[in-house]
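Please walk through this protein with me, from one residue out to the whole chain. Keep the sequence and the 3D view side by side.

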Amino acid sequence: QVQLVESGGGLVQAGGSLRLSCAASGRTVRMYNMGWFRQAPGKEREFVAVIGWSGGSTRYADSVKGRFTISRDNAKNTVYLQMNILVPEDTAVYYCASDPVTWGPGPYHYWGQGTQVTVSS
């Protein structure tokens, strides 16, 4: 069983930065691909970024390329999402996801509970 707990969300002004963290538990999670998704009010959940188990491969949604960076520390079983140059359209609940096989938008087997990010204009 894998459990994912996100943290680091909050309120930030446009142009600012936040770093989200996702702490994972489970003895094999360091071998899993880890992804970030987000869901804005009234919208469907959308893919943001994914990182391979070794950290050597990443993929981003076009809307965040050049602004967001996904990384992981397997010694800490934690994946991060550094978000820079935030805009109000980035406001959403951000979810961490994990899967041993899935790469990209999904589907993912394990999900966290989400953390709210609000960007004010």
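Which residues does Tyr60 touch, not counting residues up to four places away in sequence? They are Phe47, Val48, Ala49, Lys65, Phe68, Thr69 and Ile70. Touching, or contact, means heavy atoms within 4.5 Å.

A word on the source comes before the rest. This is a predicted model, in which local features need pLDDT of at least 70 and side-chain atom pairs count only at pLDDT 80 or more, while totals for chains, interfaces and linings use all residues. Residues are numbered from 1 along each chain as its sequence is written, and side-chain values use heavy atoms, with hydrogens and water left out.

Back to Tyr60. Its place is in strand S6, residues 58-60. Tyr60 counts as buried because its relative accessibility is 18%. The cut-offs are these: buried is under 20% relative accessible area, exposed is over 50%, and partly exposed lies in between, with a 1.4 Å probe and protein chains only. Pro88 sits 28 residues from Tyr60 in sequence, and their C-alpha atoms are 19 Å apart in space.

Now the strands. The protein has 11 of them and zero helices. Both are DSSP runs numbered from the N terminus: helices are H or I with at least four residues, strands are E with at least two.

Leaving out residues up to four places away in sequence, Met83 touches Gly16, Ser17, Leu18, Leu20, Arg67, Phe68, Tyr94 and Val117. Phe68 is also among the residues that Tyr60 touches.

Finally, step back to the whole protein. Of its 121 residues, 46% count as buried. Among contacts with a separation of 6 or more, 56% join residues 24 or more positions apart. The C-alpha atoms fill a box of roughly 40 × 25 × 25 Å along the principal axes.
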